[in-house]
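Let's take a friendly tour of a protein model.

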Amino acid sequence: MTDPAQDRDHMAHALRLAARGLGNTWPNPAVGCVLVKDGVVVGRGWTQPGGRPHAEVRALQQAGSQAAGATAYVTLEPCAHHGHTPPCAEALIAARVARVVTALTDPDPRVSGKGHAMLRAAGIAVTEGVLTDPANRLNAGFLKRVTQGLPFVTLKLAATLDGRIATASGESRWITGPEARRRVHAMRLAHDAVMVGSGTAVADDPDLTVRDMGAVRQPVRVVLDRALRHSPDSRLGRTAGDHPVWILHGTSAPQTARAAWSQTGATLIEVPEAAGQLDLTAALRSLADRGLTRILSEGGSTLAAALVRAGLVDELMLFSAGALIGADGHPALGALRLNALADAPRLALVETLQVGPDLMSLWQMPRRDPRA
């Protein structure tokens with residue numbers, strides 16, 4: 001007799017394990033697996049950096065012979081195709097688990113439904129759809145990349161209570177406190193890439209790495225720079241050989257600038273232009289084509305507004321500082337070109353949290369398919 005409450009508890013455990021892989025597993029999903037036998041956890045695992053080994057393999061290795069007769073809680077349908085590793089469905093069958101509980105069916109056409117079918121054909125009981133909603137949120141990047149060919153984009157803004165990110169003179173350090181800035185570094189760690197526009201790159205000369213969190217896998221640092229204005233002799237250029245830098249530029253970017261950036265070790269990606277600007281949808285598709293699933297956009301107000309206008313932002317993380325700058329300061333968001341209040345995007349509040357002296361709020365953007 002199965003216990004739905006216990007199933008939810010063990011799946012919640014598996015989801016917490018899966019979250020450890022966020023930012024590390026792309027282009028693979030971040031998956032967690034817990035093996036339970038006679039009410040005791042005998043094995044657990046999560047997808048390792050680079051996407052291998054898979055969560056199920058790690059859990060089975062830990063459980064050893066105790067996997068026989070156990071229940072496997074897996075946050076995503078076990079893979080059923082031969083890639084760099086054999087299918088996890090086959091590994092679970094070979095280990096003689098008695099039951100498999102999953103949260104999601106994998107939308108990848110190489111897997112979708114086949115992993116579940118393989119398990120059932122081997123006589124293993126399968127229960128689907130346990131904690132589907134949190135599993136969807138956890139792997140929103142992987143799911144969007146597979147189903148839409150686009151990465152999941154989180155737009156991060158840090159502003160005063162009146163929505164300003166800098167004074168009239170351009171001074172912006174620091175609007176928010178150290179606790180909020182540390183939270184941003186944790187966000188970078190959980191994303192595949194950090195993205196800025198050329199304006200922010202030129203003005204701030206950012207590093208865009210995760211700092212003060214030990215030895216970690218650094219996110220890809222992405223700059224949208226149509227004309228390659230940002231100097232190769234910048235922090236990004238000087239460190240491109242240490243941590244990946246991808247520069248997305250237009251077809252009109254000068255050849256001399258392309259050659260100079262290539263010498264730094266940065267990856268140059270040419271994307272189409274539209275009305276003298278980068279085609280943002282094409283730019284993000286090119287990033288998804290290269291495996292990125294989750295992108296944290298930390299660019300300035302111009303890039304933020306352009307992403308919102310294009311319907312490419314999935315969620316907004318806003319850090320609000322208890323300060324006022326006034327109308328002569330620089331706004332957090334550029335022009336959205338709205339003619340009526342009814343056209344304004346209406347966001348859904350997901351979470352609020354006090355972070356030091358500041359307030360962090362997570363908002364879900366209205367759903368819009370950029371293909372429409």
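How many salt bridges are there by this rule, where a salt bridge is a side-chain nitrogen of Lys or Arg within 4 Å of a carboxyl oxygen of Asp or Glu? The count comes to 11 salt bridges.

## Before we start

This is a predicted model, where local features need pLDDT of at least 70 and side-chain atom pairs count only at pLDDT 80 or more, while totals for chains, interfaces and linings use all residues. Residues are numbered from 1 along each chain as its sequence is written, and side-chain values use heavy atoms, with hydrogens and water left out.

## Salt bridges

One of the salt bridges joins the side chains of R99 and D7, at 2.7 Å from N to O. R99 belongs to strand β4 (residues 99-102) and D7 to helix α1, so this pair ties together parts that are 92 residues apart in sequence. (Helices, H or I with at least four residues, and strands, E with at least two, are DSSP runs numbered from the N terminus.) R99 is buried at 11% relative accessibility, and D7 is buried at 5%. Here buried means under 20% relative accessible area, exposed means over 50%, and partly exposed is in between, using a 1.4 Å probe and protein chains only.

Next up is K156 with E298, whose closest N and O atoms are 3.9 Å apart. This pair links distant parts of the chain, with K156 in strand β6 and E298 in the loop between β14 (294-297) and α12, 142 residues apart. K156 counts as buried at 14% relative accessibility, and E298 does too at 12%.

D207 also has a salt bridge, with R211, and their closest N and O atoms are 3.4 Å apart. D207 is buried at 18% relative accessibility, whereas R211 is partly exposed at 38%. Salt bridges that share partners also join K156, R188 and E298 into one network.

## Rings

What about aromatic pairs? Rings of Phe, Tyr and Trp (its six-membered ring) pair if their centres lie within 6.5 Å; planes under 30 degrees apart count as stacked, over 60 as edge-to-face and the rest as tilted. The structure holds one such pair. W26 is in the loop between α1 (4-19) and β1 (32-37) and W246 is in strand β10 (residues 245-249), so the pair ties together parts that are 220 residues apart in sequence. W26 is buried at 15% relative accessibility, and W246 is buried at 10%.

Charges can sit over rings as well, if NZ of Lys or CZ of Arg is within 6 Å of the ring centre and within 35 degrees of the ring normal. The charged end of R20 does this with W46, 4.5 Å from the ring centre. R181 does it over the ring of W174, at 4.3 Å.

On a 1 Å grid over the protein atoms alone, a cavity is a set of points where a 1.4 Å probe fits but cannot get out, and a pocket is an open set with protein on both sides within 12 Å along at least five of seven lines; lining residues have an atom within 4 Å of a point. There is one cavity of 30 Å³ or more. The largest cavity is lined by 13 residues, and L22, T25, N28, T293 and R294 lie nearest its centre.

The second largest pocket is lined by 44 residues, with A140, F152, T154, D314 and E315 nearest its centre. Helix α6 gives the most to this lining, with five residues.

Methods: Grid points are joined across faces, edges and corners, and a volume is the space filled by probe spheres set on the points.
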